[in-house]
Amino acid sequence: MLYVIKRFTVKNWIAIIGILLLTLLQVFFTMEIIGAVNDLTRTITSKNVDMILRWGFWMILCALLLAAVQVIIQFIASHTAASIATKLRGDLYEKVNRFSMADLASFSTESLITRSTNDIQNIHIALLYALRTIFVAPITMIWSIIIIIKTSIFGLTITTVAWLILLVAVVITLMLLVIPRFKVVQKLTDSLNIASRENITGVRVVRAFNAEQYQEDKFNKVNDRYTKIQIFNAKAISFFTPFVTFVMMGLTLTILWVSALTINGLSANDANQMFAATNSFVMLATQIVMSFVLLITIMILWPRATVCAKRIKEVLTHNESISDPEIEKPFVEKGTIEFRNVGFAYPGSDKEAVSDISFKVKQGETLAIIGATGSGKTTIINMIPRFTDVSRGEVLVDGVNVKDVKQETLRNIIGYTPQRGFLFKGNIRENIAFCNPDLTLKEVIEAAKTAEADGFVSAKSNGYESEVAQGGTNFSGGQKQRLCIARSLAKKPEILIFDDSFSALDYRTDKVVRKNIKESLPGTTRIIIAQRVGTIMDAEQIVVLDHGQIVGLGKHEELIHSCPVYQEIALSQLSAEELGLNKKGGK
């Protein structure tokens with residue numbers, strides 16, 4: 001929690017000082033009320049109506065002022081705790097947005113969601129209770145103990161101390177039982193989110209294989225353990241409330257019993273004084289016990305919040321694997337991409353996923369990358385917008401090493417269409433204009449037409465204002481891909497990257513979309529990953545990958561005769577005659 005506290009702003013510290021000053025007023029008015037009750041008790045026996053009214057008025061005034069101070073404290077505490085939680089949530093969101101693929105792999109998606117919601121909520125609640133009680137409890141306790149000591153009634157003082165020692169002993173035992181389990185609970189919350197998300201995301205696969213029971217068993221295993229720990233914590237904490245009541249009642253009864261023994265043999269005046277002191281003692285002892293209750297509430301919430309704060313700190317202090325240069329270099333070319341002896345190995349792997357990758361693409365050219373599954377196609381294109389960084393070698397865009405350019409600057413000139421089309425919740429227009437919300441409807445429609453998406457969008461009753469479900473689940477695979485392509489085209493970038501983005505399109509639509517792109521953006525450089533030879537045959541350069549290495553580089557006409565791997569892929573899709581080979585498939 002110290003890490004969270006260090007992130008307090010000047011406004012937060014001013015608010016905390018304000019709470020401290022108001023707390024002193026709160027305790028002062030509380031003690032004044034107790035003193036007024038004590039004086040009223042003495043005054044009633046004298047039948048002095050004027051004094052009774054005087055002390056009664058003062059007690060009512062103090063009660064009203066006490067209520068006003070408490071309301072102000074609650075308001076300041078709530079506002080401060082909420083602002084701190086808001087700042088933490090914003091900082092966490094910004095940090096995760098800067099994470100590279102490798103950084104995201106360090107934390108599961110489910111864990112990051114839990115940390116930004118459940119963990120911050122626990123910190124918020126702990127801070128809220130702490131700000132409300134962190135000053136009032138100890139100040140009230142110390143003030144009450146000082147007044148009790150000043151009364152110099154030894155028997156009542158010893159009685160109060162004995163009951164408080166019992167209360168403290170039970171609280172320490174309770175904390176030792178519960179605190180270690182809070183960390184386990186937060187980890188199990190991550191596991192529950194993973195199990196739930198996995199089941200919902202893969203619901204079609206689960207049903208197709210009739211694996212509902214298997215998934216339920218996986219979920220129940222985590223859920224049962226989570227439930228057992230939570231039940232244990234609840235049982236331990238639930239014991240505390242009745243025990244505090246027992247201590248309060250026992251303390252009150254003991255004070256009255258000791259007072260009764262002391263009063264025996266006293267004169268009427270001394271007995272009246274003792275009775276008034278007993279009332280004051282009971283009220284002060286109750287204030288001490290209630291202060292303990294407030295502190296213990298924080299002691300229950302604080303350990304869990306501390307665990308959550310550590311999890312938040314892990315994310316916020318995580319060293320990003322990709323960072324921006326302090327001074328970026330200006331681009332010296334336009335629309336060019338060059339790989340120079342690039343090698344890349346995933347974290348924790350001794351073997352490079354791709355090795356010795358070298359090629360250069362000029363402005364307006366189309367570079368296609370083809371190869372078997374797992375050959376490193378996506379790995380290569382992820383290095384261009386710096387989703388990952390090279391392990392060795394250099395990647396240059398517009399004549400400059402991508403490491404010497406800020407990520408925002410680099411990605412501003414790149415349009416990226418992922419292999420798995422993803423749409424955001426909202427409407428079609430917002431999704432296509434994702435790069436720039438200020439795009440006109442005309443520009444959005446133009447991009448959609450180029451991507452051959454205007455036909456099915458216009459057919460909808462609300463057109464480009466039609467709703468898009470989260471993830472685009474209300475569109476087919478081909479429709480999602482075309483909308484994602486339109487989103488990249490609307491940006492009008494220098495470089496377009498298509499990561500197998502035509503796979504869900506039929507051959508005719510695939511060909512038309514590529515033709516439209518070439519005509520509408522003639523100066524744009526295009527990088528295409530494809531499994532279909534027909535998609536890449538007209539590319540100026542084709543990179544053929546096999547086990548992470550380039551085994552062929554050239555045009556289709558060259559590779560079909562000179563590269564066995566490319567020839568094998570091509571013959572698996574088209575006939576020898578269609579490829580211009582002899583019947584034997586020779587070179």
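"Buried" here means that a residue has under 20% relative accessible area. Keep that cut-off in mind, please. The model on the screen is predicted.

I'll begin with helix H10, residues 240–263. The buried residues of H10 are Phe-240, Phe-243, Val-244, Val-247, Met-248, Gly-250, Leu-251, Ile-255, Val-258 and Ser-259. As for length, H10 has 24 residues, and from first C-alpha to last it reaches 34 Å. That is close to the 34 Å expected at 1.5 Å a residue.

Next is helix H9, residues 212–238. With 27 residues at 1.5 Å each, H9 should span 39 Å, and its end C-alpha atoms are 36 Å apart, which agrees. Which residues are buried in H9? They are Gln-215, Val-222, Tyr-226, Ile-229, Asn-233 and Ala-236.

Now the whole protein. Its secondary structure comes to 21 helices and 12 strands. The radius of gyration is 36 Å, while the globule rule gives 25 Å for 587 residues, so the protein is more spread out than a compact globule. Along the principal axes, the C-alpha trace spans about 125 × 50 × 50 Å. Of the 587 residues, 45% are buried.

On to a hairpin. Strand S11, residues 541–546, and strand S12, residues 549–554, run antiparallel and are joined by five bridges. One example is Leu-545, whose bridge partner in S12 is Ile-550. Two residues lie between the strands, and in that turn His-547 has a positive phi of about 55°. For anyone new to strands: in a regular one, the side chains alternate between the two faces of the sheet.

The last stop is His-556, which sits in helix H20, residues 556–562. Is His-556 buried or exposed? Its relative accessibility is 5%, and the cut-off is under 20%, so His-556 counts as buried. What does His-556 touch, leaving aside residues up to four places away in sequence? The list is Val-533, Met-537, Ile-542, Tyr-566 and Leu-579. With Tyr-566 there is also a polar contact, side chain to side chain, at 2.6 Å. Ile-542, another residue on that list, falls within the residue range of strand S11.

That is the end of my part.

Terms used: Residues are numbered from 1 along each chain as its sequence is written. This is a predicted model: local features need pLDDT of at least 70, side-chain atom pairs count only at pLDDT 80 or more; totals for chains, interfaces and linings use all residues. Side-chain values use heavy atoms; hydrogens and water are left out. Helices (H or I, at least four residues) and strands (E, at least two) are DSSP runs, numbered from the N terminus. Buried means under 20% relative accessible area, exposed over 50%, partly exposed in between (1.4 Å probe, protein chains only). A polar contact is a pair of N or O atoms within 3.5 Å; within protein, one must be able to donate a hydrogen and the other to accept it, and residues adjacent in sequence count only if both atoms are side-chain atoms. Contact means heavy atoms within 4.5 Å. Two strands pair if DSSP finds at least two bridges between them. The expected span of a helix is 1.5 Å times one less than its number of residues. The radius of gyration is taken over C-alpha atoms; the globule rule is 2.2 Å times the number of residues to the power 0.38.
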